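Open the model in your viewer and keep the selection tool at hand. The tour moves from one selection to the next.

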Amino acid sequence: MAVVYGIELANITRGDKSALVKLAQVLLNYKGFNCGAVDGSCGTKTTAAITLCNSKNGIRGSMLTEKTWEALLM
């Protein structure tokens with residue numbers, strides 16, 4: 001569990017489904033990392049958007065982690 005700005009945000013990986021994934025999708029789309037429809041499911045497009053976001057922010061991997069949340073919320 002990532003804690004960003006005092007808020008607990010879970011890591012997100014491919015296959016996850018939740019309201020938190022929806023939040024991540026909204027933020028990814030807003031920041032220009034097109035993940036497609038906001039459906040709460042971390043599938044191929046969302047995973048690709050996370051990977052691109054991570055790469056652009058010097059973060060390795062395809063998991064949405066505390067560092068990714070920080071990048072999305074800044």
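Start at Gly58, which follows α2. Its phi is positive, near 70°. This is a predicted model: local features need pLDDT of at least 70, side-chain atom pairs count only at pLDDT 80 or more, and totals for chains, interfaces and linings use all residues. Residues are numbered from 1 along each chain as its sequence is written, and side-chain values use heavy atoms, with hydrogens and water left out.

Now select α2, residues 44-56. Helices here are DSSP runs (H or I, at least four residues), as strands are (E, at least two), numbered from the N terminus. α2 has 13 residues and reaches 18 Å from its first C-alpha to its last, close to the 18 Å expected at 1.5 Å a residue. The expected span is 1.5 Å times one less than the number of residues.

Color the buried residues of α2: Thr46, Thr47, Ala49, Ile50, Cys53 and Asn54. They cover an arc of only 160° around the axis, which puts them on the same side of α2. The arc is that of the directions from the helix axis to the C-beta atoms. Buried means under 20% relative accessible area, exposed over 50%, partly exposed in between (1.4 Å probe, protein chains only). Turn to the other side of α2: Thr44, Lys45, Ser55 and Lys56 are exposed there. Thr44 has 53% relative accessibility. Its C-alpha is separated by 12 Å from that of Met63, 19 residues apart along the chain.

What do the buried residues of α2 pack against? Show α1 (19-30) and α3.

Select α1 next. Its buried residues are Val21, Ala24, Gln25, Leu27 and Leu28. These cover an arc of only 165° around the axis, so they sit on the same side of α1. Their cover includes α2 and α3. The face turned away from the buried side carries exposed Ala19 and Tyr30.

Go to Thr68 in helix α3, residues 66-73. Is Thr68 buried or exposed? Thr68 is buried, with a relative accessible area of 0%. Leaving aside residues up to four places away in sequence, Thr68 touches Cys53, Asn54, Ile59 and Met63. Contact means heavy atoms within 4.5 Å.

Finish at Tyr5, in the loop between β1 (2-4) and β2 (7-9). Tyr5 is exposed, with a relative accessible area of 60%.
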